[in-house]
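Here is a short report on one protein chain. Keep the sequence and the 3D view at hand while reading.

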Amino acid sequence: MAVQQPTARATSGPPPWWRRGPAVAAIVVVVLGVELALGWSSLATALAQLRAPQWKWVALALAAEMASMGTYARMQRALLRGAGTKVSMKKHVATAYAAHSLSATLPGGPVFSTTFNFQQLRRYGVSPAVASWCIALSGVLSAGALVVIGAVGGLLTRNTGSWHSLAGYAIGAVAVAFGVRQLAEHPHLLDRPVRALLGGVNRVRRRPREHGHARLVGFVEQLREVRVNPANFAFAVVLALLNWLFDAFCLWLCCVAVGAGEVNPVSLVIAYCAGMAAASVPIVPGGLGVVDAALVLGLVAGGLDSGYAVAAVVLYRMISFGFIIGLGWLVWLRIRYKNRAAV
């Protein structure tokens with residue numbers, strides 16, 4: 001106790017000046033003031049462009065963003081067809097909107113989004129194994145499609161190093177597709193690894209070695225329902241690419257709407273991929289600030305005036321984040337109401 005008392009008194013003393021509320025507030029105000037002063041001309045230009053955008057292009061940008069969401073829903077539908085499960089397009093679209101809003105706005109959003117997606121697929125009559133397979137493979141295809149688009153953008157800018165990225169992903173995609181198909185057609189190949197993994201987990205949990213084995217094997221056996229038809233898989237790959245391309249097209253239309261139609265399409269794609277890569281790091285909900293900065297810097301690096309770049313990104317985020325996320329939450333509330341009414 002004699003050793004702990006001085007420590008308690010030391011920790012209960014006044015904090016250093018840089019940790020006090022007024023000092024922190026003053027530092028924040030100074031930093032924001034400096035940033036505002038340095039970027040005032042660009043901000044003024046952006047605000048001027050946002051006051052009077054070309055509404056026909058804004059409408060087309062909104063349509064492109066909704067098409068992007070629709071292609072993601074169609075991708076999951078195509079994958080489920082490989083398992084012989086048919087769900088209406090309306091239900092797939094509703095699930096896609098709601099899951100996207102959960103992922104983009106909640107802390108740890110991808111976890112909530114995946115859980116919600118899984119629960120909805122189960123309500124539609126999809127088996128646990130097939131639902132898990134569909135969600136996992138759609139995530140792999142979506143991430144891989146963004147890599148391919150970025151690599152192609154690098155090739156178009158004559159960055160020869162992108163050949164290695166593109167070839168590497170192509171090999172990885174073929175390996176994943178072949179592996180999934182083999183496991184779906186021969187689930188008994190998972191029996192030995194599953195037994196070994198389950199035995200290790202049960203040893204840590206101090207349970208019998210075979211505890212839960214029958215249930216897990218039953219889950220694996222459900223994979224026999226999955227048939228990775230090459231045509232359906234190729235269609236899903238195309239839809240995964242279109243999902244990102246429609247979203248990038250929305251950004252380009254936003255540039256046109258604010259008067260920056262001269263933006264280089266290749267530079268825009270590179271900036272877009274950088275922004276989406278930044279969005280994959282869940283630092284803040286929706287990547288607010290992080291994604292916007294990456295997009296603006298990418299567009300400016302591509303030769304676009306900073307004022308136009310800020311205006312285009314703000315408009316793009318109003319559509320892709322504000323409108324789409326808001327609509328997704330409304331869809332989530334409707335789904336929740338229907339699920340409660342069905343109980």
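How many helices and strands does the secondary structure of the protein come to? The count is 14 helices and 0 strands. From the N terminus on, the elements run α-α-α-α-α-α-α-α-α-α-α-α-α-α. This is a predicted model.

**Overall figures**

The protein has 343 residues, and 37% of them count as buried. Its accessible surface comes to about 19,200 Å². Carbon and sulfur atoms hold 68% of that surface. Now take the contacts between residues at least 6 apart in sequence: 71% of these join residues at least 24 apart.

**Annotated spans**

The unreviewed UniProt entry uses the label "transmembrane region" for several spans. Residues 130–154 are 100% helix and 0% strand, with end C-alpha atoms 36 Å apart. Residues 94–118 are 88% helix and 0% strand, and here the end C-alpha atoms lie 14 Å apart.

**Helix α11**

Helix α11 covers residues 230–257, and L241 lies in it. L241 counts as partly exposed, because its relative accessibility is 24%. Beyond its neighbours within four places in sequence, L241 is in contact with A145, V148 and I149. L241 and V148 are 93 residues apart in sequence, yet their C-alpha atoms are 8.4 Å apart in space.

L242 is also found in helix α11. At 31% relative accessibility, L242 counts as partly exposed. Together with V238 and L245, L242 forms a nonpolar patch on the surface. The accessible area of this patch is about 220 Å² in total.

W252 is another residue of helix α11. Its relative accessibility is 25%, so W252 counts as partly exposed. W252 touches G261, V263 and L268, leaving out residues up to four places away in sequence. From W252 to L268 is 16 residues along the chain and 7.2 Å in space, C-alpha to C-alpha.

**Cysteines**

A disulfide needs the two sulfur atoms within 2.5 Å. C255 is in no disulfide either; its nearest cysteine sulfur, that of C254, is 7.2 Å away. The count for the model comes to 0 disulfides.

Are C254 and C255 buried or exposed? C254 counts as buried, because its relative accessibility is 0%. C255 also has 0% relative accessibility, so it counts as buried.

**Helix α14**

Helix α14 covers residues 306–342, and S320 is found in it. S320 is buried, because its relative accessible area is 9%, and the cut-off for buried is under 20%. Setting aside neighbours within four places in sequence, S320 is in contact with E65, D247 and I325.

I324 is found in helix α14 too. With a relative accessible area of 1%, I324 is buried. Which residues does I324 touch, not counting those up to four places away in sequence? They are E65, M66, M69, Y97, H100, S101 and I319. I324 and M69 are 255 residues apart along the chain, and 8.9 Å separates their C-alpha atoms. E65 is a contact of S320 and also of I324.

R334 has its place in helix α14 as well. R334 is partly exposed, because its relative accessible area is 47%. R334 and A94 are 240 residues apart in sequence, with 9.4 Å between their C-alpha atoms.

**Pairs brought together by the fold**

The table collects the pairs described above.

| Pair | Separation in sequence | C-alpha to C-alpha distance |
|---|---|---|
| L241 and V148 | 93 residues | 8.4 Å |
| W252 and L268 | 16 residues | 7.2 Å |
| I324 and M69 | 255 residues | 8.9 Å |
| R334 and A94 | 240 residues | 9.4 Å |

Key: Residues are numbered from 1 along each chain as its sequence is written. This is a predicted model: local features need pLDDT of at least 70, side-chain atom pairs count only at pLDDT 80 or more; totals for chains, interfaces and linings use all residues. Side-chain values use heavy atoms; hydrogens and water are left out. Buried means under 20% relative accessible area, exposed over 50%, partly exposed in between (1.4 Å probe, protein chains only). Helices (H or I, at least four residues) and strands (E, at least two) are DSSP runs, numbered from the N terminus. Contact means heavy atoms within 4.5 Å. UniProt positions are given in the numbering used here, feature names are shortened, and annotations may be inferred rather than shown by experiment. Patches are made of residues with over 30% relative accessible area and no salt bridge: like charges are joined within 9 Å, nonpolar side chains (Val, Leu, Ile, Met, Phe, Trp, Tyr) within 5 Å. Accessible areas come from the Shrake-Rupley method with a 1.4 Å probe; for residues, only the protein chains shown count as cover. A salt bridge is a side-chain nitrogen of Lys or Arg within 4 Å of a carboxyl oxygen of Asp or Glu.
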